[in-house]
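Welcome! Have a look at the model first, then try each task before reading on.

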Amino acid sequence: MTSRTDRRPVRLAGTLAATAALTVAATSCSAPGGGTDAKGSATGTAVVGIAYEPDSLSPLLGYGKDGNSKIFDGLLTHDEKLDLQPALATELPEISEDGRTYTFQLREGVTFTDGKPFTARDVVFTYETILDPKTNNASRTELDAVESVEAKGDHTVVFHLKYPYAPFAERTVLPIAPAHIAGEQDVNTGDFTTKPIGTGPYELVGWSKGEKLTFKANPDYWGGAPKIKNFTMAIIKDDDVRATRLRSGDLDGAILPPNLAKAFKDGNTATYAAKSFDYRVVTLPTGNKVTGDTDIRRALDLAVDREAMVDSILDGAGKPAYGPVPTDSPWFTEGTERAHDLKAAADLLDEAGWKKGKDGVRAKDGVRAAFPLWYLSGDKLRQDHALSYASDAKKLGVEVKVQAGTWEVIQPRMPKDAVLAGGGSPADPDFDQYTLLKSSLAGDGFNNMAHYDNPAVDKALEKGRRSGEHTDRQAAYDTVQRELVKNPGYTFLTHIDHVYVVDKRFGTLTTQVEPHDHGLASGPWWNVEDWKPAK
Amino acid sequence: MADLALPTAPGRVARTARTWKLRISATLVAGFVLAVLLVPPLVGLDEQAVDLGAKLLPPSLDHPFGTDDVGRDLLLRCVYGLRVSLLVGVVAALVATVLGTAVGAAAGALGGWTDRLVMRCVDAFSSVPHLLLGIFIVALFRPGVWPVVVSVGLTHWVSTARIVRAEILSLRARPYIDAAVSGGASRLRLARRHLIPGVLPQAGLAAVLMIPHAIWHESALSFLGLGLPTHQASLGTLVQSARGTLLAGDWWPTLFPGLFIIVPTLAIAGLAGAWRERLNPRRRSELML
Amino acid sequence: MNKARPGLPWIPMARMTGRRLLFAVPVLLAVTFAVFAVADASPFDPVKAYAGTAGLTASQENLDQLRANLGVDQPLAVRWWEWITGALTGDLGHSAVMRQPVADVIAERIGWSVLLAALAFVVAVLAGTTLGVLAARRRGSLVDRAVTSLAYTLEAAPTFWLGLLAVWLFALQLGWLPAGGLTDTGSTTVTAGQLTTHVILPAAVLAASQLPWFALYVRQGVGDALDEDPVRGARARGLAEHTVLLGHALRSGLLPVLTLIGSRVPELITGALLVETVFSWPGIAAATVQAATAVDFPLLAATTVLATAAVLLGNLVADLLYGLADPRVGFDG
């Protein structure tokens with residue numbers, strides 16, 4: 001036995017341990033210092049807290065594919081209203097009659113931050129590399145329609161498509177990488193993935209993983225040098241920590257859950273609620289005898305109290321969702337809203353033969369109306385949605401057992417168990433509806449998680465994707481939304497606003513309509529290069 | 001966390017103080033146990049059911065502890081949370097005690113090389129900080145109740161093993177054991193008749209003392225997001241999910257679950273302290289932390 | 001034999017240190033092996049962890065290739081041995097959550113953890129000793145009761161809960177101190193001024209979690225010493241109260257506590273895990289928790305081993321001091 005287990009009183013000096021500890025501390029804290037406080041002048045500096053960290057900063061691996069990459073530019077870009085505007089292209093593309101050829105004229109005199117000129121070669125390189133199966137780009141299928149990319153001289157690029165793909169121009173906000181740098185290295189593991197060089201308004205100064213990304217303004221930016229000279233994105237995954245650090249003045253702005261944003265009302269900060277296509281939805285898998293039943297699906301659709309969820313869980317920062325398209329979008333089909341009507345839902349189930357048993361849970365043909373509902377462990381917003389859904393279902397006589405898990409645990413169960421999922425993409429209705437609802441994509445990764453299978457919807461999705469006429473497309477997506485009322489294979493709950501709190505000294509800022517995956521540069525700092533801080 | 005059995009001062013004043021401490025502790029423990037056993041079936045509510053209309057109400061007569069951010073009564077949540085935490089604590093303490101008693105008894109009774117080897121292993125095992133080992137186990141097997149129980153049980157048997165071994169060694173040194181051996185008693189009989197009954201009270205005391213530890217560890221693991229799933233009420237998950245509301249200025253969802261950890265812990269420790277004094281009167285003034 | 005001890009007994013101390021080092025080797029080997037064995041028995045799949053979210057959509061062929069690349073298709077013992085040999089050459093593997101080599105993660109962070117822990121420790125020892133002595137002077141007095149009640153309450157209070165309340169009070173309500181981090185985020189270097197303001201709250205909370213043990217132990221030790229005959233004698237001879245207290249009782253009552261400081265390392269690590277997380281202190285303990293949340297096995301394994309080594313070292317220091325303090329015990333542990 002060692003002596004530390006029997007503790008008899010003893011006598012003699014013993015401050016040695018404490019002294020030793022102090023010595024170690026003294027040497028360790030002198031190590032990393034050296035520089036002076038580099039916080040700089042407050043006006044030209046902005047520090048924002050974000051919840052997300054990219055895996056890579058290479059556009060070839062998917063970074064910034066939806067625009068606002070800060071380090072890079074795309075051929076086109078989105079303005080505040082999400083309308084396409086030229087960026088590295090001088091104007092919007094010329095589209096051929098059959099909708100299969102897109103021609104872009106490129107801006108001249110643009111250079112990468114290493115001083116080398118930007119040409120059509122870089123565009124071809126970027127798209128061809130992404131389309132190469134050896135490149136680990138998870139979003140390659142988004143460019144599925146592209147057959148080939150061709151450079152005509154230094155300043156013209158032509159895209160040839162396999163089939164007419166109406167929303168193709170929306171995909172060309174994708175950032176352009178320099179062929180002379182990225183082309184010289186392994187695309188998946190090379191230096192470029194962490195030390196990117198682009199044409200964008202900012203240059204990366206440093207990326208301290210898990211902590212922050214530091215940018216400085218590109219003085220030679222073709223769109224004019226940004227006023228915010230130093231821009232830092234602090235990566236803080238924990239909402240509470242982010243709010244605390246914003247409160248303590250450490251951050252100038254941050255994305256926050258609505259309930260935490262509510263606490264910032266002190267006059268120095270402004271709160272921005274960005275509208276989004278970001279929905280929370282319960283998947284009702286076709287493979288489960290309860291959730292696959294159309295009557296159950298419709299009853300649940302009526303029984304959920306979406307307004308209460310918006311008011312309480314989202315603190316009003318959001319809207320009830322009846323389908324992937326938000327109610328204020330021009331693509332929304334008027335009249336597909338469903339009012340909260342518990343009685344109608346109960347009547348529907350009574351008529352369909354789902355009778356209440358002794359335990360208050362309905363059953364039909366020996367099948368109990370009960371199913372598990374999974375949410376991603378640690379995601380409070382999804383947890384609260386799931387709990388509310390379960391409470392509403394319980395009033396109807398449907399037992400929903402809420403369970404938490406990691407994706408590794410949840411994914412194998414998706415064909416049978418309900419999941420509280422999220423998604424949504426504003427640029428075009430095809431982007432999220434096709435992958436969410438197309439029967440051929442059932443169970444393909446996170447596509448069509450509910451294994452939804454509706455021939456009428458399949459047909460309409462295909463039509464909406466290929467048709468070039470807006471009215472035809474509108475009609476197709478109306479069909480999809482009406483079919484979702486008749487057979488709601490997903491219970492859509494809410495579209496959530498993304499809430500940001502920013503210091504007022506940056507003036508009045510704007511936000512775009514945001515997708516579910518709001519990467520680095522969303523929120524009020526989507527156009528940080530245009531901010532004009534007060535002196 | 002060190003064990004909390006209350007040390008006491010000698011003297012008559014101290015003795016009355018001790019009696020009172022014991023009474024209060026016992027009442028509190030009985031109250032908590034009754035609440036935990038009776039309230040859930042009496043109320044008969046689905047503890048997860050939310051009431052979005054009643055979110056974040058401050059403490060009032062209707063809701064003595066207020067409500068949480070999805071409108072659940074916090075007093076009820078605390079009772080449910082204590083129930084889960086107590087259950088985890090008791091089961092984990094049992095696991096640890098059985099394991100510790102087995103190892104300690106084996107080492108003490110067999111003696112010699114086995115003893116040295118076993119105790120070296122015990123030393124090695126206790127070199128890994130408890131919470132870290134717990135985190136390691138729970139991270140790999142989560143989420144759920146069982147990984148927490150197993151990890152707390154597996155990390156806390158060491159002290160019991162040491163206590164039991166020491167007790168066996170002291171028992172073996174007593175004359176009546178020698179007499180029994182020379183009288184031809186078998187090893188098994190010796191163990192059954194003399195050693196095990198002598199050790200059981202110490203093991204039982206160790207088990208009771210371990211319950212607050214186990215609760216503390218469960219709450220720490222859950223707070224770190226590694227223990228129970230966050231929608232399931234336990235004292236740790238309650239504090240964890242209250243973090244956001246604390247920032248918004250609503251203090252009650254953080255304060256009360258914390259008190260629900262502290263008060264039962266002190267009460268159990270008070271009870272165990274009295275038991276230990278009865279068991280080891282000689283060591284009354286010796287502090288065992 | 002050596003009646004006039006002319007200095008420290010270096011040779012027995014060195015022998016003890018050597019023996020402990022010899023003991024540490026099998027312990028660390030066993031701990032690392034256990035770590036691998038537990039990971040092997042768990043449902044955790046390193047390949048999926050490596051592939052991340054992309055792994056959910058990756059093809060089986062792709063995953064198999066990854067499995068071979070990572071060497072995860074090897075048997076448990078082989079993987080363990082490779083890790084050990086790698087670790088001895090300084091290659092601890094790559095941390096997925098920090099996206100850095102594990103060795104770099106540790107090198108960058110360990111200084112900050114040591115700083116925080118050391119500060120907290122000093123504060124806990126000083127404050128704990130003061131409180132303990134105050135309480136011991138007159139047992140059963142109001143001061144004594146206040147100190148013991150405070151100590152027990154602090155001991156029972158979860159460290160993370162204390163941390164949250166401290167953030168709420170000092171950072172949010174009063175606005176005196178920053179709520180977390182090492183420096184203001186906008187600053188790219190660490191300055192002494194920023195460090196000082198940022199370290200106060202976490203160090204105070206960590207100290208508060210360690211303080212009860214010291215306070216209660218000192219109270220007991222000094223209190224017992226005051227009851228001993230020599231001290232009573234001194235009191236009876238009419239020596240001033242503070243002379244009795246400082247000259248006799250403190251020396252005999254306090255020193256054993258100080259020698260046991262080393263054995264508090266496990267509790268300190270436990271406290272640091274929680275405090276660093278609450279205050280987002282960029283230390284090794286916070287990294288451990290992040291590694292656990294993301295099941296970042298290489299980092300988790302390395303920090304577990306590191307913590308074990310720290311505990312063994314703490315025990316050695318405790319036993320050396322103990323042996324020095326009480327020659328009857330010696331250095332044969």
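**Exercise 1.** Find how strand β16 of chain A pairs with β17(A).

*Solution.* Start with residues 362–364 of chain A, which form strand β16. This strand and β17(A) run antiparallel and share two bridges. Strands here are DSSP runs of E with at least two residues, helices are runs of H or I with at least four, and both are numbered from the N terminus. Two strands count as paired if DSSP finds at least two bridges between them. Next, look across from A363(A): opposite stands R368(A) in β17(A). Now widen the view: three strands make an open antiparallel sheet, ordered β15-β16-β17 (chain A). Its edge strands, β15 (355–356) and β17 (367–368) of chain A, each pair on one side only.

A note before moving on: this is a predicted model, where local features need pLDDT of at least 70 and side-chain atom pairs pLDDT 80 or more, while totals for chains, interfaces and linings use all residues. Residues are numbered from 1 along each chain as its sequence is written, and chains are lettered from A and ligands numbered from 1 in the order written.

**Exercise 2.** Describe the make-up of chain B.

*Solution.* First, count elements: chain B has 10 helices and zero strands. Then check burial: of its 289 residues, 53% are buried (20 or more other C-beta atoms, placed from the backbone, within 10 Å of the residue's own).

Definitions and conventions:
A residue is buried if 20 or more other C-beta atoms lie within 10 Å of its own, exposed if 12 or fewer, and partly exposed in between; C-beta atoms are placed from the backbone.
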